[in-house]
Amino acid sequence: MTNIMLVDDLQYARLGYKLMLGKASDIVIVAQAGDGRQAIAEIERLESAGGPLPDVVLMDVRMPVMDGITATREITRRWPAIHVLILTTYDEDDYAYGGLDAGASGFLLKDASAAAVKDAIHAVANGDAVVTPRITRQILEHGMPRPTAGREQQKLRDSFAALPPRQREICTLIAEGMTNEEIARKLVLEPATIRRTISRILFTLQLHDRTQIAVSWLKSHASQQAMSMVRTRRYVSSSADNPLQTH
């Protein structure tokens, strides 16, 4: 069972998602909020009451009082087990990038089908990354838009440098856009071995999922030749005919 929270300042939008997900037997809406501040307060209330916390938050971006990016950063900092899925429109790419930088596990378009939304919720709840191919291509073409300060970048580089060589290699391949199966074939290892290694990387670097490994790697190498290499591949998927790709 996956518990979710809906965060959108438009009541009809929340109602739409509620109706969309209402027939899913394995998804339960445990909370709703009209802005980022209300979302944080609602999670605090659930925590104090001993109730179930959301596994996944569907987070709008443009909201009054507190926007979705600020709320995402606060939620992922205070409740690392909660995954945030940013809901974006075609004219909000910069907000989507900001969501990834704030700790979101992925994003998809607001006009995604019910099946795509359900698949995304399950994927994010399982620690996978979720993006749409269109925004994936934008990331590859333009990179992460927010520059990383020198001290922060050096800290990221040091963190990756401290990993064993095999783990560093896998981080590089994740950032290049390879799936677990592709990495396994390249390194002549079992996919299960790759999954276990990624779990160890996430624990060591205190990251949430593959998305954050890729984002952190990109930021740590932002001024190096490796960035041009990454731009030659897809970040999660380059498939143009599939509305949702997960890893």
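On one side of helix α1, the residues Q11, Y12 and L19 are exposed, whereas the buried residues of this helix, which spans residues 11–21, are A13, R14, Y17 and L21. In this predicted model, the buried residues of α1 fall within an arc of 100 degrees when seen down the helix axis, so they line one face of the helix. Such an arrangement can be related to helix geometry: an α-helix has 3.6 residues a turn, so residues three or four places apart point the same way. The cover over the buried residues of α1 includes the strands β1 (2–7), β2 (27–33), β3 (56–59) and β4 (83–88), together with helix α5 (114–125).

Strand β3, one of the elements that cover α1, contains L58. With a relative accessibility of 1%, L58 counts as buried, because the cut-off for burial is set at under 20%. Leaving aside residues up to four places away in sequence, L58 touches I4, M5, L6, V7, Y17, L21, L85, L87, V117 and I121; among these partners, Y17 and L21 also belong to the buried residues of α1. The C-alpha atoms of L58 and L6 are separated by 5.1 Å, although the two residues stand 52 residues apart along the chain.

Not counting residues up to four places away in sequence, Q167 touches T197, R200 and I201.

For the protein as a whole, the secondary structure comes to twelve helices and seven strands, and 53% of the 247 residues count as buried. Among contacts with a separation of 6 or more, residues 24 or more positions apart account for 72%. The protein exposes about 11,600 Å², of which carbon and sulfur atoms supply 51%.

Empty space was also examined, since rolling a probe the size of a water molecule over the atoms shows where such space is left. The largest pocket holds about 560 Å³ of space, and of the 21 residues that line this pocket, D101, Q206, L207, Q212 and S216 are the closest to its centre. Two or more lining residues are given by each of the helices α3 (68–78), α7 (150–161) and α11 (210–220), with the largest share, five residues, coming from α7. By class, the lining of the largest pocket is made up of seven nonpolar, seven polar and seven charged residues.

Notes
Residues are numbered from 1 along each chain as its sequence is written. This is a predicted model: local features need pLDDT of at least 70, side-chain atom pairs count only at pLDDT 80 or more; totals for chains, interfaces and linings use all residues. Side-chain values use heavy atoms; hydrogens and water are left out. Helices (H or I, at least four residues) and strands (E, at least two) are DSSP runs, numbered from the N terminus. Buried means under 20% relative accessible area, exposed over 50%, partly exposed in between (1.4 Å probe, protein chains only). Contact means heavy atoms within 4.5 Å. Accessible areas come from the Shrake-Rupley method with a 1.4 Å probe; for residues, only the protein chains shown count as cover. On a 1 Å grid over the protein atoms alone, a cavity is a set of points where a 1.4 Å probe fits but cannot get out, and a pocket is an open set with protein on both sides within 12 Å along at least five of seven lines; lining residues have an atom within 4 Å of a point. Grid points are joined across faces, edges and corners, and a volume is the space filled by probe spheres set on the points. Ala, Val, Leu, Ile, Met, Phe, Trp, Tyr, Cys and Pro count as nonpolar, Asp, Glu, Lys and Arg as charged, and the others, Gly among them, as polar. The arc is that of the directions from the helix axis to the C-beta atoms.
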